[in-house]
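Dear colleague,

Please find the structure below, handed over for your records. My notes on what was found in it follow directly after.

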Amino acid sequence: MTDKFDSIVVGAGPAGIAAAYTMAKAGLSVLVLEKGEKPGAKNMFGGVIFRHHTEKFAPEFWKMAPIERHVVEYQYWFLSKQSHVLLSHRNQEFNGRYNAFTVHRAKFDPWFARLAEDAGATIINRTTADDVLKENGKVVGVTTERGNVLADVVVAADGVNSMLAKQAGLREETPATAAVLAVKEVIALPKQKIEDRFNLGPDEGIAALLVGFGFGMHAGFMYTNRDTLSVGVGFGMRDLDQSKQRPNDLFERFKAHPSIAPLIKDGELKEYSAHLIPEGGYNYVSNVSAAGMLVTGDAAMLVNAINWEGTNLAMTSGRLAAETVIEAKKKHDFSERSLHTYRQRLENSFVLQDLKKYRDVPKFFETNPHFFTEYPETLNELFYMWHVVDDETKATHIKKMKEYAFKRRSKLGALKDAYHLWRLFS
Ligand SMILES: Cc1cc2nc3c(=O)[nH]c(=O)nc-3n(C[C@H](O)[C@H](O)[C@H](O)COP(=O)(O)OP(=O)(O)OC[C@H]3O[C@@H](n4cnc5c(N)ncnc54)[C@H](O)[C@@H]3O)c2cc1C
């Protein structure tokens, strides 16, 4: 391969395909390199894709895309060792106007990639971009084991470990404080059983976040697919290191929790996988442009962990990168200065505005782990005390509940927490 393209996109995930589709549709010659045997082959997530951002590429895509279920209910579980408190929001609006869909990436990504191919992009699978090619300090292409490929602009969409962004000097290794290691199982169950267990209609689904479970600062997730469940846990890398425990052992304990076990009972394990999530937020966003190169999606650490959003930031950054390349081509200017407008586009969009809004949140939770440990436990114990019926008066119960709560966290501490949360999110 010695061809030259307007753009080479490395990685056929949501970011890369969004970029390739947008540039190809505008008439640019686009080559996508994907190291997997097909798009999605190496990709895993929770999870859901979002209607709003996916529709920008294919209106009413759910009528043709391989989606599993549309989400009608969001659940927040606060676990203690043997109980849970569940906060849940179900809304019929989500049946009328879809908001998010559970998908399997191995099915969704190939479908999404076909949109880019139909728009005119060429996708070559089983091909790893090994390094960036530079000429006079400008990126001019990539090297692969099949030869070098040249382009005016290389769009790095190669995911959380982005070799290309590192080779171009745009970012460092993902620091342990900014990465979460997620392990996930796909568990098969009959469709009807899933609907009975989660109280769902035929195409309806739930998305659940679970915190607590008595062993530190980790968060679990659970999504209903058509006839499988996606269940997993994310571990802060530093926290995991300090706990000296193996992620798989912690995951087994999570699945054995008395509130979780009945939901996955008799399920057949279909798939086990692990993946990093770049959850560091705004302070860890990489440099996103250099002469001849742009960085998108997870490669640039664009994940909003607070709202469980990644694919929409990936698709949007891919689209904005593409628009930057289209404009640069009109000016025949692929310099650092010309491509730097991509950063401004990200800053003007929800992508960096949301991450900026939450910029202090990851650090806050890292230094205040009691939100994941003491608070879920306290909440569970308070609900327990509230419901137990015995000879004591309700006044005594309430007095004991107050004593318990303020023994776990002082009045001043609780007030400070409330104040900080208010400041962080308002
Ligand atoms: C457990 C988990 C749960 C998640 N849940 C959700 C969720 O519910 N909703 C949501 O919106 N987001 C979720 N995310 C985040 C979301 O998956 C990512 O933000 C999103 O996939 C990023 O897209 P991307 O295109 O940037 O990268 P990726 O999807 O990682 O794609 C990168 C692509 O590049 C390819 N590649 C890598 N290196 C090379 C190379 N050198 N040469 C060629 N190809 C290469 C890979 O094979 C891959 O196809 C979750 C993530 C995880 C891990």
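Asp 152 is located in strand E10 (residues 147-156); strands (E, at least two residues) and helices (H or I, at least four) are DSSP runs, numbered from the N terminus. At 15% relative accessibility, Asp 152 counts as buried; buried means under 20% relative accessible area, exposed over 50%, and partly exposed in between, with a 1.4 Å probe and protein chains only. The side chain of Asp 152 forms a polar contact with the side chain of Lys 4 (2.8 Å). A polar contact is a pair of N or O atoms within 3.5 Å; within protein, one must be able to donate a hydrogen and the other to accept it, and residues adjacent in sequence count only if both atoms are side-chain atoms. Leaving aside neighbours within four places in sequence, Asp 152 is in contact with Lys 4, Phe 5, Asp 6, Lys 138, Val 139, Gly 292 and Phe 334, where contact means heavy atoms within 4.5 Å.

This is a predicted model, in which local features need pLDDT of at least 70 and side-chain atom pairs count only at pLDDT 80 or more, while totals for chains, interfaces and linings use all residues. Residues are numbered from 1 along each chain as its sequence is written, and side-chain values use heavy atoms, with hydrogens and water left out.

Two further buried residues may be of interest. Gln 75 belongs to strand E4 (residues 69-79) and is buried, with a relative accessible area of 6%. The side chain of Gln 75 makes a polar contact with that of Glu 73, at 2.8 Å. Not counting residues up to four places away in sequence, Gln 75 touches Leu 86, Leu 87, Ser 88, Ile 206, Ala 207, Ala 208, Leu 209 and Trp 308. Glu 347, in helix H12 (residues 341-348), counts as buried at 15% relative accessibility. With residues up to four places away in sequence again left out, Glu 347 touches Tyr 282, Leu 352, Gln 353 and Lys 356.

I turn next to the nonpolar interior. In soluble globular proteins, nonpolar side chains tend to be buried together. A nonpolar core is here a set of buried Ala, Val, Leu, Ile, Met, Phe, Trp, Tyr and Cys residues joined through side-chain atoms within 4.5 Å. The largest such core has 78 residues, and those with the most contacts inside it are Met 23, Val 30, Phe 61, Val 142, Leu 164, Met 293 and Leu 302. Helix H10 (residues 311-331) supplies the largest share of this core, nine residues. Apart from this core lies another, of 39 residues, which includes Val 71, Phe 198, Ile 264 and Leu 276. Beyond its neighbours within four places in sequence, Met 23 is in contact with Ser 7, Val 9, Leu 28, Val 30, Val 155, Ala 322, Val 325 and Ile 326.

How do H10 and H13 lie relative to each other? The axes of H10 and helix H13 (residues 350-357) come within 9 Å and cross at roughly 135°; axes are lines fitted to C-alpha atoms, for helices over the stretch in contact, and angles run from 0 to 180 degrees between N-to-C directions. The two helices, H10 and H13, are therefore oblique to each other, given that angles under 35 degrees count as roughly parallel, over 145 as roughly antiparallel, 65 to 115 as roughly perpendicular and the rest as oblique. Asn 312, Leu 313 and Thr 316 in H10 meet Phe 350, Val 351 and Leu 355 in H13. The residues of this contact divide into four nonpolar, two polar and no charged; Ala, Val, Leu, Ile, Met, Phe, Trp, Tyr, Cys and Pro count as nonpolar, Asp, Glu, Lys and Arg as charged, and the others, Gly among them, as polar.

Some backbone features also deserve mention. Most residues other than glycine have a negative phi, and most peptide bonds are trans. A cis peptide bond joins Gly 46 and Gly 47, with omega about -25°, and Gly 47 is in the loop between strand E2 (30-33) and strand E3 (48-50). Asn 199, although not a glycine, has a positive phi of about 55°; Asn 199 is in the loop between helix H6 (191-198) and strand E12 (204-212) and is exposed at 56% relative accessibility. Asp 266, also not a glycine, has a positive phi of about 65°.

Yours sincerely
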